[in-house]
Amino acid sequence: MGNISRRRALSLGAALGLASVASAPKAWAWSSLGSLAGTDAVTDPFQVWDPEPDQVAARLLADGVIPAVNTAWRSWVDNSDPLPSGMPGYLTSYLQQVNRLPSWADADLLAASERYYKRLASYLFVSQSLGSGIMSTVIPREARAVYWSAGGADMKERAAKTFTFGYDLNSETAWQPTGHFIVTANKTRLVHSVVRNLLPTSARFMATADQPKPISNGDILRTFHSVATFAHSNLLKWGIRLSAAEQEADLHAWQVALHLLGVQKQFIPASWAAAQDQATQLLWPDLSPTDEGTSLAETLLGYITDPTLGLDTGFVHEFVRYLLGNEIGDWLGLRRDWAQAALIRVEWPLYVAFREGTSSVLPGSGYLFDQALRGIAMLYLSNGTSATQTPVTLPAANRPG
Ligand code: HEM
């Protein structure tokens, strides 16, 4: 955990619309009573990694077969695809065990999550791209890991691969035989295992590292909260009507996703209240700027403000501030545009209310928000069709140079 004053934790919590950020955490205190396991233990998820795929990844690196696996993986895309040939037997055996839903997965809830994500896709894209994507650059461990791994040198491709995960999870066929999510999640879990083997060999990464290897269960949960718990709070804050069944379906899809990413049941929140409680302990107090994160944010914002998407820089920077608060905006040096700031603060809630049918008045800037939603959707969808989707691949080395 990074150091943070209680005051800063409180102000961040308030900026992010959280009900309460009681105090800066010291020791890990979240009880697994609030988890899917339902046991009452306090185990620190930052001390838990993912030994089985980590060992598989170590062998893949030692055997020099990463490029061959990436080639074999190209044909492994749909949930119903057979495991590809051309992979070492130990990788195939491992995947045979994990490339499936857990016994506790609920098919009805997963189907309901597909409908939910379809209904709310445009809001989720806003929350994920301008909110979570930029927030990831002020999660110090994540920012450093991303920067110093191979993908950090080509952030455009890396961002596209990460969108692949969000796109596949939020797809209306995510869990169906023709959907992709189970495969994408398994590939991602192995990417993380390869990274756990590679990054400890990077002197520059280890110079500032505060754990023996990256991407513990706790770190994955932190990212989960920065995406899913944050989106859940945003939708409620924006006045979008979510039924209890929809909220349950959203959480369940993420519970299964966390399982597929190697997070143990004792850490997976069983309710949104338990998730918020966990986020209070492990996400909000940890945010802070790093050189690596600030550089990644600059690159990411450059893609979002690409003229072809039609999104004005001042608008994008102020939307990020609206979502993440001014402290984070200042850390990242986001240019102020007071007119856009006022417009977003006043008119975005009115725009959402109009779209959701709770108000009949379309604010004057409705066209601007329409354009923003279209531009952000393009970021996702241009990568979302199977023809153009950027495949997730295993890195074979750290960031070059
Ligand atoms: C790679 C998603 C948590 C660090 C990836 C990839 C995806 C992904 C889809 C493959 C595409 C790519 O190469 O970018 C997720 C999700 C997470 C999560 C959904 C949690 C819910 C984390 C955390 C860290 C991390 C906590 C570090 C602290 C990395 C790194 C790569 C990676 C370094 C490799 C990039 C490369 O190829 O060099 N992640 N991730 N991830 N992730 Fe994660």
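Predicted model: local features only at pLDDT ≥ 70, side-chain atom pairs only at ≥ 80, totals over all residues.
Student: What's the orientation of helix 7 and helix 13 to each other?
Tutor: Roughly perpendicular, since that label covers angles from 65 to 115 degrees, with under 35 as roughly parallel, over 145 as roughly antiparallel and the rest as oblique. Helix 7 and helix 13 (residues 291-304) pack at about 75°, with their axes 10 Å apart. Axes here are lines fitted to C-alpha atoms over the stretch in contact, and angles run from 0 to 180 degrees between N-to-C directions. The helices are DSSP runs (H or I, at least four residues), numbered from the N terminus.

Student: OK, which residues of helix 7 and helix 13 meet?
Tutor: M155, K156 and A159 in helix 7 meet L296, T299, L300 and Y303 in helix 13 (C-beta atoms, placed from the backbone, within 7 Å). By class, that contact has five nonpolar, one polar and one charged residues. Asp, Glu, Lys and Arg count as charged, Ala, Val, Leu, Ile, Met, Phe, Trp, Tyr, Cys and Pro as nonpolar, and the others, Gly among them, as polar.

Student: What about helix 2 and helix 8, at what angle do they cross?
Tutor: At roughly 65°, and the axes of helix 2 (residues 51-63) and helix 8 come within 8 Å. Helix 2 and helix 8 are therefore roughly perpendicular. On the helix 2 side you have P53, D54, V56, A57, A58 and L61, which meet R189, L190, S193, V194, R196 and N197 in helix 8.

Student: Switching to the ligand: how many residues surround it?
Tutor: There are 24, and the closest are S149, G151, K161, F165 and T223. Helix 6 (140-148), helix 7 (155-169), helix 8 (181-198) and helix 10 (217-237) each supply at least two residues of that shell. By class, the shell divides into 13 nonpolar, six polar and five charged.

Student: Where's D154?
Tutor: In the loop between helix 6 and helix 7. D154 and R399 are 245 residues apart in sequence but 9.3 Å apart in space, C-alpha to C-alpha.

Student: Is I215 buried or exposed?
Tutor: I215 is buried, with 24 other C-beta atoms within 10 Å (20 or more means buried, 12 or fewer exposed, in between partly exposed). I215 sits in the loop between helix 9 (203-206) and helix 10. Also, I215 has a positive phi of about 60° although it is not a glycine. Most residues other than glycine have a negative phi.

Student: Last one: what does A275 touch beyond its sequence neighbours?
Tutor: Leaving aside neighbours within four places in sequence, A275 is in contact with H225, T229 and P269. A275 and T229 are 46 residues apart in sequence and 6.9 Å apart, C-alpha to C-alpha. A275 lies in helix 12 (residues 272-282), and A275 is buried, with 23 other C-beta atoms within 10 Å.

Conventions. Residues numbered from 1 in each chain as written. Near = placed C-beta within 6 Å. Contact = placed C-beta atoms within 7 Å.
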